[in-house]
There are 2 protein chains.
Amino acid sequence: MRKVAIIGVGLTKFGELWDISFRRMITEAGARAIEDAGIDGKRIDAMYVGNMSAGQFIRQEHIASLIADQAGLTPIPCTRVEAACASGGLALRQAMISVASGIHDIVVAAGIEKMTDVLAEQTTEALATAADQEWEAFVGATFPGIYALMARRHMYEFGTTEEQMARVAVKNHHNACFNPCAQYQMEITVEDVLNSSPVNTPLKLLDCSPITDGAACVILAPADKAREFTDTPVIIAGTGQASDTISLHDRLTLTGLAAAKKAAELAYKMAGVGPNDMDLAEVHDCFTIAEIMAIEDLGFCKKGDGGKVTEQGETAIGGRIPINTSGGLKGKGHPVGATGIAQAVEITQQLRGEAGKRQVNGAEIGLTHNVGGSGGTVVVHIMKRGD
Amino acid sequence: MRKVAIIGVGLTKFGELWDISFRRMITEAGARAIEDAGIDGKRIDAMYVGNMSAGQFIRQEHIASLIADQAGLTPIPCTRVEAACASGGLALRQAMISVASGIHDIVVAAGIEKMTDVLAEQTTEALATAADQEWEAFVGATFPGIYALMARRHMYEFGTTEEQMARVAVKNHHNACFNPCAQYQMEITVEDVLNSSPVNTPLKLLDCSPITDGAACVILAPADKAREFTDTPVIIAGTGQASDTISLHDRLTLTGLAAAKKAAELAYKMAGVGPNDMDLAEVHDCFTIAEIMAIEDLGFCKKGDGGKVTEQGETAIGGRIPINTSGGLKGKGHPVGATGIAQAVEITQQLRGEAGKRQVNGAEIGLTHNVGGSGGTVVVHIMKRGD
């Protein structure tokens with residue numbers, strides 16, 4: 001397998017983009033990535049797009065063809081991949097495998113979701129189709145409910161508190177203040193979180209990531225050709241993907257994701273590194289409890305200590321292992337199909353030293369952790385500054 | 001890139017499967033493929049699933065996780081790919097690329113669609129989301145209307161007749177009579193087609209492929225390990241995928257698919273063969289006119305002669321280039337996400353000499369041609385009997 005590098009990245013503003021269509025969002029993210037890579041669009045060989053549910057959100061399937069068309073990229077092969085909120089991470093992985101295989105050289109990995117073109121209750125209903133319809137969604141278990149079950153059990157087993165969960169949101173909103181693309185560039189306090197409307201106890205409104213429109217894009221090339229386009233290539237050193245039961249009731253534990261542990265194990269092994277080598281990570285904080293479980297699953301702290309280390313500031317910028325410097329899903333926003341790619345954009349900018357006021361000093365290696373549903377799919381990538 | 005072989009295939013019955021759930025269909029196809037390959041399920045490294053729109057048809061996204069779960073395959077990586085009716089062909093291509101890259105050895109490529117769990121008008125509406133929503137579906141152009149435009153223009157430019165189109169349906173129903181998995185195992189006549197209800201003039205009911213439930217599965221391995229599992233491996237010698245504008249109005253021609261020509265050119269080149277080397281092909285006859293255009297685009301006859309050669313019997317079993325020996329989408333049925341994989345199942349069975357009464361004598365090399373929408377995505381594979 002050939003080594004693969006990221007040579008360009010692009011992101012739209014994340015938010016409720018009432019005046020920007022699906023078509024315009026994806027071409028905007030793509031154009032920024034092409035400009036960033038300084039590449040002629042004609043050199044692009046293929047594209048992979050992560051998207052959860054344009055079929056339900058904008059009544060449009062077959063979006064890879066639509067995007068190739070809109071972007072003037074026909075006749076290159078364009079493929080949509082889907083695994084709920086892990087769709088973006090899977091698009092990155094497929095794009096990487098295609099370059100590694102030698103079948104393509106320059107490949108775009110994109111992610112997009114346009115979530116605000118339907119009524120809010122339809123959005124919730126569409127998102128619930130990422131859970132098991134027959135055993136979860138049908139009986140009313142939407143995602144806040146599913147993650148609330150995990151939070152309750154985590155509190156019971158490890159003494160994790162609502163304050164500790166609130167601190168995840170406070171940190172990620174703080175980081176988002178320094179990210180011009182973030183949906184919520186505003187500080188919140190622990191009290192704000194604790195006093196926000198209950199959604200599914202113990203989760204409150206500010207424990208939940210928002211509904212977001214947005215698109216993200218990275219451009220990949222074989223590592224040995226990357227310097228042709230950029231002085232700061234970022235190598236994808238490891239990739240790991242794993243599956244688990246789609247619904248909670250068949251799992252051995254509710255306080256962690258087996259698929260996250262497996263995906264991380266595979267990615268660490270491929271990259272020849274471990275959790276202690278990481279300088280930072282973007283993790284899938286769809287709910288505050290999800291970030292706490294993620295840092296445990298990834299080996300950044302002992303099982304059960306996720307709340308504690310968050311409280312102690314270890315996951316803040318300047319801490320031992322900065323988590324979600326971009327603002328995460330909570331602060332930056334969570335356009336579901338775009339999230340996995342947006343995570344790779346953040347790590348790339350950090351490893352290049354281009355993250356401005358949210359820069360992790362001397363960052364050389366980072367990780368992305370992207371979850372589909374309640375952990376039925378997890379994909380982890382490890383990225384290193386190019387030599 | 002490593003050479004890749006098909007070592008096992010499985011198919012459910014195609015039809016209106018009121019009493020079989022999505023979950024059961026996919027595990028049935030998978031179990032048959034595993035049995036056919038004589039492989040222990042534990043050796044499977046990854047899975048790709050083609051599916052157009054479980055989100056709209058059964059309100060379930062994230063189906064790759066669901067399927068891994070149902071099939072007892074967790075924690076292997078499972079990825080859904082979508083390109084409307086070309087979803088299956090794209091799943092095969094991604095699975096092939098992943099084996100070729102070396103990241104996986106034994107990979108399942110599956111396809112599934114459960115289309116009859118919603119009302120017929122909802123099915124039509126869901127299928128129309130494969131067309132451009134803003135320029136086609138919104139103004140009422142569903143797929144029969146779109147293909148009717150192409151048929152009209154083909155008739156005008158080349159003198160193609162309704163009788164010639166009818167002969168495609170007659171031939172494919174005839175072939176389906178010898179396929180125990182086919183939806184319509186019954187003969188029809190040219191008169192039946194011409195006298196069937198008008199759908200979109202000049203297309204009548206029997207010019208259209210049906211609404212179908214079904215699942216299909218193939219298992220891939222590196223070619224140099226294939227003999228461990230089977231005495232009759234089938235090599236995937238070529239793969240080609242291309243995109244085009246999603247809607248008709250921007251294309252240079254209505255009488256052929258530029259993406260089909262491009263995908264075929266790429267697949268022929270990779271396999272080092274040409275159209276005259278093919279012993280048979282499975283092509284995407286979603287409408288009768290689509291088969292006529294396909295055999296022209298693939299180079300099996302001169303542009304404009306598709307109707308004529310069909311009338312002359314050249315595409316029948318025993319003819320110069322047998323097309324859709326399985327019954328095609330028209331006779332076998334068209335569970336949209338499964339179709340591309342079902343085509344690979346048919347070619348594999350033919351190259352192994354296991355196609356029973358529909359066997360093409362001495363078949364050594366064959367082709368599959370799978371179309372998304374009205375040609376916004378096309379994927380072509382070339383398969384050869386293993387040495």
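**Entry 1: where the chains meet**

I began with strand β3 (residues 78-82) of chain A and found that 3 bridges join it to strand β3 (residues 78-82) of chain B, the two running antiparallel. In this pairing V81(A) stands opposite V81(B). For my own reference, strands (E, at least two residues) and helices (H or I, at least four residues) are DSSP runs numbered from the N terminus, and two strands pair if DSSP finds at least two bridges between them.

I note that this is a predicted model, in which local features need pLDDT of at least 70 and side-chain atom pairs count only at pLDDT 80 or more, while totals for chains, interfaces and linings use all residues. Residues are numbered from 1 along each chain as its sequence is written, and chains are lettered from A and ligands numbered from 1 in the order in which they are written.

I then looked up the contacts between the chains, and I found 51 residues of chain A in contact with 51 residues of chain B, where contact is taken as C-beta atoms, placed from the backbone, lying within 7 Å. On the side of chain A that touches chain B, at least two residues each come from α2 (54-57), α3 (63-70), β3, α4 (87-101), β8 (234-243) and α9 (258-271). The largest share, 6 residues, is that of α4(A). I sorted the residues of this side into 22 nonpolar, 21 polar and 8 charged, counting Ala, Val, Leu, Ile, Met, Phe, Trp, Tyr, Cys and Pro as nonpolar, Asp, Glu, Lys and Arg as charged, and the others, Gly among them, as polar.

**Entry 2: how the copies are related**

The same surface serves both copies, since 100% of the contact residues of chain A recur in chain B.

**Entry 3: the strands of chain A**

I turned to strand β2 (residues 46-50) of chain A, where 5 of the 5 residues are buried; a residue is buried if 20 or more other C-beta atoms lie within 10 Å of its own, exposed if 12 or fewer, and partly exposed in between, with C-beta atoms placed from the backbone. A46(A), Y48(A) and G50(A) point one way from this strand, whereas M47(A) and V49(A) point the other way.

I followed β2(A) to its partners: 5 bridges join it in parallel to strand β4 (residues 107-113) of chain A, with V108(A) as the bridge partner of M47(A). With β3(A), β2(A) pairs in the parallel sense over 4 bridges, and there G50(A) stands opposite V81(A).

I also checked strand β7 (residues 214-222) of chain A, which is largely enclosed by the rest of the structure because 8 of its 9 residues are buried. It pairs in the antiparallel sense over 7 bridges with strand β1 (residues 4-11) of chain A, where G8(A) has I219(A) as its bridge partner. β4(A) and β7(A) likewise pair in the antiparallel sense over 7 bridges, and G111(A) stands opposite A216(A).

**Entry 4: the core**

I looked up the largest nonpolar core, which has 289 residues, and those with the most contacts inside it are M47(A), A110(A), M47(B) and A110(B). Such a core is a set of buried Ala, Val, Leu, Ile, Met, Phe, Trp, Tyr and Cys residues joined through C-beta atoms within 7 Å. Leaving aside neighbours within four places in sequence, M47(A) is in contact with residues including A64(A), A68(A), V108(A) and A110(A).

**Entry 5: helices**

I found α3(A) largely enclosed by the rest of the structure, because 7 of its 8 residues are buried, A64(A) and A68(A) among them. Just after α3(A), G72(A) takes a positive phi of about 65 degrees.

In helix α10 (residues 288-297) of chain A, 10 of the 10 residues are buried, and they pack against elements of chain A including α6 (143-158), α7 (162-176) and β10 (365-372). Just after α10(A), G299(A) takes a positive phi of about 85 degrees.

Last, I looked at V168(B), which lies in helix α7 (residues 162-176) of chain B and counts as buried because it has 30 C-beta neighbours inside 10 Å. The C-alpha atoms of V168(B) and T288(B) are separated by 5.7 Å, although the two are 120 residues apart along the chain.

Conventions: Two residues are in contact if their C-beta atoms, placed from the backbone, lie within 7 Å.
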